[in-house]
Amino acid sequence: ILLIAMPVEAHADLGRETGLRVPRFVSMNSAKVNVRAGPGTRYPIKWVFQRKTLPVQIIAESDTWRKIRDFEGIEGWVHQRMLSGRRHAIVTGAIRQLKKQPQEASKTIALFEPGVIVRLEKCSGSWCYVESSSYEGWIGRRSIWGVHAND
């Protein structure tokens with residue numbers, strides 16, 4: 001048996017409904033989003049997310065419904081209208097440093113606590129350029145959830 005090591009992203013499929021990559025990251029488009037047990041209003045509400053711009057990962061598609069997973073592993077179905085293609089990420093782990101340049105020795109601009117949501121602009125190597133409130137700069141890719149290894 002021959003096994004070829006490939007990045008997880010290489011195994012991404014295309015969504016049945018949109019033709020877009022699954023899994024993919026998006027964000028909540030509303031401050032209150034019902035997360036259901038299945039793809040439709042006939043299914044019970046499992047969770048209510050109350051944080052606009054919260055990053056989530058689409059892991060399946062069914063008609064106008066998307067199965068999502070959040071950074072804590074909570075999964076469920078939401079209507080596509082509740083999601084935005086605008087990319088955000090959430091700071092994870094410990095307090096993280098926002099840097100002026102994409103390098104560890106660069107000046108620290110701000111400190112972000114876990115749970116802070118940042119707008120994701122771009123990533124380069126192990127760094128991502130983000131914005132939050134009046135701050136913008138570079139944060140380590142491993143310090144945030146909401147970006148794939150090859151984004």
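This is a predicted model: local features need pLDDT of at least 70, side-chain atom pairs count only at pLDDT 80 or more; totals for chains, interfaces and linings use all residues.
Residues are numbered from 1 along each chain as its sequence is written, and side-chain values use heavy atoms, with hydrogens and water left out.

The side chain of Arg-119 meets that of Glu-131 in a salt bridge, with a distance of 2.3 Å from N to O; a salt bridge is here a side-chain nitrogen of Lys or Arg within 4 Å of a carboxyl oxygen of Asp or Glu. This pair links distant parts of the chain, since Glu-131 belongs to strand E14 (residues 127-132) and Arg-119 to strand E13 (residues 117-124), 12 residues apart. Strands (E, at least two residues) and helices (H or I, at least four) are DSSP runs, numbered from the N terminus. Glu-131 also counts as partly exposed, at 21% relative accessibility. Salt bridges that share partners join Arg-119 and Glu-131 with Arg-86 and Glu-121 into one network.

In the whole structure, six salt bridges are found. One of them joins the side chains of Glu-61 and Arg-24 at 3.0 Å, N to O, and this pair too links distant parts of the chain, with Glu-61 in strand E6 (residues 55-62) and Arg-24 in strand E3 (residues 24-28), 37 residues apart. Glu-61 is buried, with a relative accessible area of 7%, and Arg-24 is buried as well, with a value of 12%. A further salt bridge is formed by Glu-75 and Arg-69, whose closest N and O atoms are 2.9 Å apart. In this pair, Glu-75 is partly exposed at 26%, and Arg-69 is partly exposed at 27%. In general, side chains of opposite charge can pair when their charged atoms come close.

The chain contains zero helices and 16 strands, and its C-alpha atoms fill a box of roughly 50 × 50 × 25 Å, taken along the principal axes. Buried residues make up 41% of the 151 residues. Contact is taken to mean heavy atoms within 4.5 Å, and among contacts between residues at least 6 apart in sequence, 52% join residues at least 24 apart.

The largest nonpolar core has 16 residues, and those with the most contacts inside it are Met-28, Phe-49, Leu-54, Val-56, Ile-68, Val-78 and Leu-83; such a core is a set of buried Ala, Val, Leu, Ile, Met, Phe, Trp, Tyr and Cys residues joined through side-chain atoms within 4.5 Å. Strands E3, E4 (33-36) and E6 each supply at least two residues of this core, and the largest share, three residues, comes from E3. When neighbours within four places in sequence are left aside, the contacts of Met-28 include Val-33, Phe-49, Leu-54, Val-56, Ile-68 and Leu-83. Apart from this core lies another, of 13 residues, among them Val-91, Ala-110, Phe-112 and Val-118.

Ala-89 is placed in strand E10 (residues 88-91) and counts as buried, at 0% relative accessibility. The C-alpha atoms of Ala-89 and Ser-27 are separated by 8.4 Å, although the two residues are 62 apart along the chain. Beyond its neighbours within four places in sequence, Ala-89 is in contact with residues including Pro-55, Val-118, Ile-144 and Trp-145.

One disulfide is counted, a disulfide being a pair of cysteine sulfur atoms within 2.5 Å. Cys-123 and Cys-128 form this bond, with their sulfur atoms 2.1 Å apart, and both Cys-123 and Cys-128 are buried. The torsion about their S-S bond is about 100 degrees, and the disulfide is therefore right-handed.

Both cysteines are also among the residues touched by Arg-141, together with others including Trp-127, His-148 and Ala-149, when residues up to four places away in sequence are not counted. Arg-141 lies in the loop between strand E15 (135-140) and strand E16 (144-145), and is buried, with a relative accessible area of 13%. The side chain of Arg-141 reaches the backbone oxygen of His-148 at 2.7 Å and the backbone oxygen of Ala-149 at 3.4 Å.

Technical notes: Buried means under 20% relative accessible area, exposed over 50%, partly exposed in between (1.4 Å probe, protein chains only). A polar contact is a pair of N or O atoms within 3.5 Å; within protein, one must be able to donate a hydrogen and the other to accept it, and residues adjacent in sequence count only if both atoms are side-chain atoms.
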